[in-house]
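Subject: Structure handover

Hello,

Please find the structure below, followed by notes on what turned up in it.

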Amino acid sequence: MFSDDLADLFGPDGPLARQLPGYVPRAAQLALSEAIRDTLDSGGVLIAEAGTGTGKTWAYLAPAFLSGGKVLVSTGTRTLQDQLFRRDIPRLRAALALPVDVALLKGRANYVCHYHLERLEQDERALKSRDEIAQLRAIRRFTRESESGERADLPEVPETADIWGRVTSTRENCLGQECPFVRDCFLLKARRHAQEADVVVVNHALFMADLALREEGITDLLPETRLVVFDEAHQLPDTATRFLGQSLSLHQVLDCARQAEAAGLAHARETVRWSELCQALEAAARDLRLVSAPVGRLPGGRATFEQIPETDTFDPALDRLAQALDGLTESLGAQEERHPDLAAAARTARTLRARLWQWAHPGRGEPAAEEEQAAVRWIEHSAHSVRLQRAPLSVARIFSGFRRPGQSWVLASATLSVRGDFQHFQRQLGLGGAETRSWASPFDYPAQGLLYVPKALPWPGDPGFTDAFAQALLPLVDACAGGVLVLCTTLRAVDRVADVLLRGMLSSERPVMRQGEASRGVLLERFRAAGNAVLVGSTSFWEGIDVPGDALTLVAIDKLPFAPPDDPVLEARLNACRTEGGNPFMEYQLPQAALLLKQGAGRLIRSETDWGVLMVGDGRLVDKPYGRLLWQGLPPFARTRDAEVALDFLGQPPGAREAAAEDAAGR
């Protein structure tokens with residue numbers, strides 16, 4: 001039987017070294033694992049910042065496997081969740097020769113619903129194209145053959161395909177135990193396995209959805225566990241804000257009307273004028289969209305509740321929508337016992353009506369007396385939708401309050417502190433009493449990387465900044481034999497930078513890709529395969545990208561990533577900080593930018609053999625007093641403001657690059 005001594009496990013002669021090709025013992029990995037074991041023994045909370053290359057995944061999995069208790073691991077994305085479940089866990093489990101039962105659990109929208117699949121097959125008019133006819137056949141075939149029913153296991157139908165929304169369930173339209181396919185339900189099978197397994201792998205979105213449901217008194221989604229590990233924990237504040245809030249779109253209202261009309265005409269035709277009721281709801285939704293049009297002309301296409309323009313027309317339209325939804329909800333409630341479809345439509349209508357009421361009348365009938373002050377409300381208007389949004393001003397109370405007595409929490413990421421200070425992250429999640437520890441990356445950053453901040457670029461607020469940044473980038477792209485990742489702070493900058501690079505590289509065969517041309521996953525696959533491509537992206541490309549080797553040797557960031565001022569939640573949080581006598585820039589905006597900048601910079605060096613240049617076009621990093629806080633939080637690259645030094649570094653063989661880095665440090 002394998003000894004549970006972590007030092008033996010991670011040692012040069014241990015099972016990991018014997019079983020895993022290329023395994024290298026790391027002192028930081030062992031120290032992190034021992035700290036996690038101690039947290040598990042004490043029932044406390046550990047916030048662990050582990051630099052890239054530390055090996056944090058096995059550092060937390062090993063004590064989780066050896067603990068003998070039930071463990072929940074939450075990852076940042078479904079992609080990381082699948083990687084952990086299908087690659088990392090099986091390798092460690094085989095190395096330890098332990099019979100650990102591991103379950104993978106995702107949100108219900110990831111599992112095919114037999115009932116809604118059958119309904120779609122019976123309604124050919126619901127199919128919108130020939131592609132959807134083929135996709136439906138593929139999903140039906142997959143449902144017969146699959147054990148999991150997870151849509152990620154059917155690459156033949158893209159995960160973004162619209163048809164998935166019609167062959168999966170929602171909490172409102174799920175028939176539960178009344179479903180004729182309940183014994184075959186993929187979701188229920190996955191949840192049952194999660195209740196029985198030793199280790200359950202979820203993602204942050206599902207964990208936060210569970211918190212939101214527990215706020216409503218529903219407690220049967222995730223199992224109780226002795227240890228919860230949050231990997232990529234830096235994402236938790238934003239994910240919590242999103243899932244602990246509420247959203248109501250007019251698309252949902254229109255879908256509800258169609259669902260109710262179909263169910264009513266099929267199962268209670270003679271009782272209610274269903275078409276009349278549903279048409280009234282659709283008309284009210286269209287009216288609200290029309291009177292909301294002025295919002296679409298505001299910055300970001302959004303307005304807080306207090307700033308909504310032309311309220312003399314908006315408020316009556318909102319009332320008409322509420323009245324139409326009331327009428328439909330009442331009629332559905334009177335008939336819902338006649339058929340499960342009517343019951344599902346009634347649940348959907350009640351949910352939407354409750355969200356509309358809470359958005360329009362915060363604080364009424366809710367447990368928190370301070371709810372009106374603690375929530376932020378806004379409306380978004382785009383070419384395709386109108387959405388009423390509501391989010392908590394702070395998630396600290398809710399998030400920290402759901403740690404069960406004696407339950408251990410470990411929050412791990414490479415970016416949790418600002419120059420070793422964890423207070424910003426702790427305040428966001430209400431974890432002021434947690435233990436905080438940090439382990440540096442094992443990489444030789446001064447030799448492997450160079451930070452280059454150009455001297456002569458205009459300030460970021462200058463209209464010509466983006467063009468000047470792209471022009472300054474062109475010589476480095478020409479000198480770079482490997483791939484180039486350009487990270488922009490806005491989508492507008494993505495297009496502008498990509499256009500300038502394309503014009504400047506007309507004679508080059510190097511491909512230039514930009515966010516929006518294809519899905520994120522497809523773009524990354526093409527980028528890795530090309531080996532020398534230029535990829536220009538915005539927010540979603542600042543993290544979660546792992547491209548080792550020469551396929552990525554230049555990362556360029558246009559501006560310091562301060563959050564946009566038109567974000568309603570950010571604006572409310574800054575105002576609250578200011579009201580309490582704080583400095584919102586130093587206490588909130590600067591720490592947020594520092595963490596995101598560190599995430600973007602972390603794309604460059606992913607292994608001991610990686611190398612390259614990090615270019616930051618924003619001179620505030622060097623010239624502003626607060627810039628020191630930002631660049632000192634980055635990996636300790638060699639630094640220069642001289643373009644020739646950066647070009648020399650990109651063009652040198654490995655041995656000479658170290659000399660170039662030393663030369664840069666001396667300039």
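This is a predicted model: local features need pLDDT of at least 70, side-chain atom pairs count only at pLDDT 80 or more; totals for chains, interfaces and linings use all residues.

Residues are numbered from 1 along each chain as its sequence is written, and side-chain values use heavy atoms, with hydrogens and water left out.

**R86 and its partners**

The side chain of R86 meets that of D153 in a salt bridge, at 3.4 Å from N to O. Because R86 lies in helix α5 and D153 in the loop between α7 (130-145) and α8 (186-196), the pair ties together parts that are 67 residues apart in sequence. D153 is partly exposed, with a relative accessible area of 34%. A salt bridge is counted when a side-chain nitrogen of Lys or Arg is within 4 Å of a carboxyl oxygen of Asp or Glu. Helices (H or I, at least four residues) and strands (E, at least two) are DSSP runs, numbered from the N terminus.

R86 also meets D82 in a salt bridge, at 3.8 Å from N to O. D82 and R86 both lie in helix α5 (residues 78-96), four residues apart, which is about one turn of the helix. D82 is buried, with a relative accessible area of 16%. A network of salt bridges links D82, R86, K106, E150 and D153.

In the salt bridge between R353 and D326, the closest N and O atoms are 2.5 Å apart. This pair links distant parts of the chain, with R353 in helix α15 (residues 340-360) and D326 in helix α14 (residues 311-335), 27 residues apart. R353 counts as buried at 14% relative accessibility, while D326 is partly exposed at 34%. A search of the whole structure finds 31 salt bridges.

Side chains of opposite charge can pair when their charged atoms come close. E261 lies in helix α11 (residues 250-267). Leaving aside residues up to four places away in sequence, E261 touches S275 and C278; contact means heavy atoms within 4.5 Å.

**Backbone and loops**

Most residues other than glycine have a negative phi. E310 has a positive phi, near 55°. E310 is placed in the loop between β7 (302-304) and α14, and counts as partly exposed at 46% relative accessibility. R419 also has a positive phi, near 55°. R419 is found in the loop between β10 (408-413) and α18 (423-429), and is partly exposed with a relative accessible area of 47%.

A161 is found in the loop between α7 and α8. A161 is buried, with a relative accessible area of 13%. The C-alpha atoms of A161 and E132 are separated by 8.7 Å, although the two residues are 29 apart along the chain.

**The chain as a whole**

The protein chain has 28 helices and 18 strands. Its radius of gyration is 27 Å, which agrees with the value near 26 Å that a compact globule of 667 residues would have. The radius is taken over C-alpha atoms, and the globule rule is 2.2 Å times the number of residues to the power 0.38. Along the principal axes, the C-alpha atoms fill a box of roughly 85 × 65 × 55 Å.

Of the 667 residues, 53% count as buried. Among contacts between residues at least 6 apart in sequence, 76% join residues at least 24 apart. The accessible surface comes to about 29900 Å², of which 49% belongs to carbon and sulfur atoms; accessible areas come from the Shrake-Rupley method with a 1.4 Å probe, and for residues only the protein chains shown count as cover. The mean positions of the 75 positive and 88 negative charges are 2 Å apart, where the place of a charge is taken as NZ of Lys, CZ of Arg, CG of Asp or CD of Glu.

Regards

Methods
Buried means under 20% relative accessible area, exposed over 50%, partly exposed in between (1.4 Å probe, protein chains only). Lys and Arg count as positive and Asp and Glu as negative; His and the chain ends are not counted.
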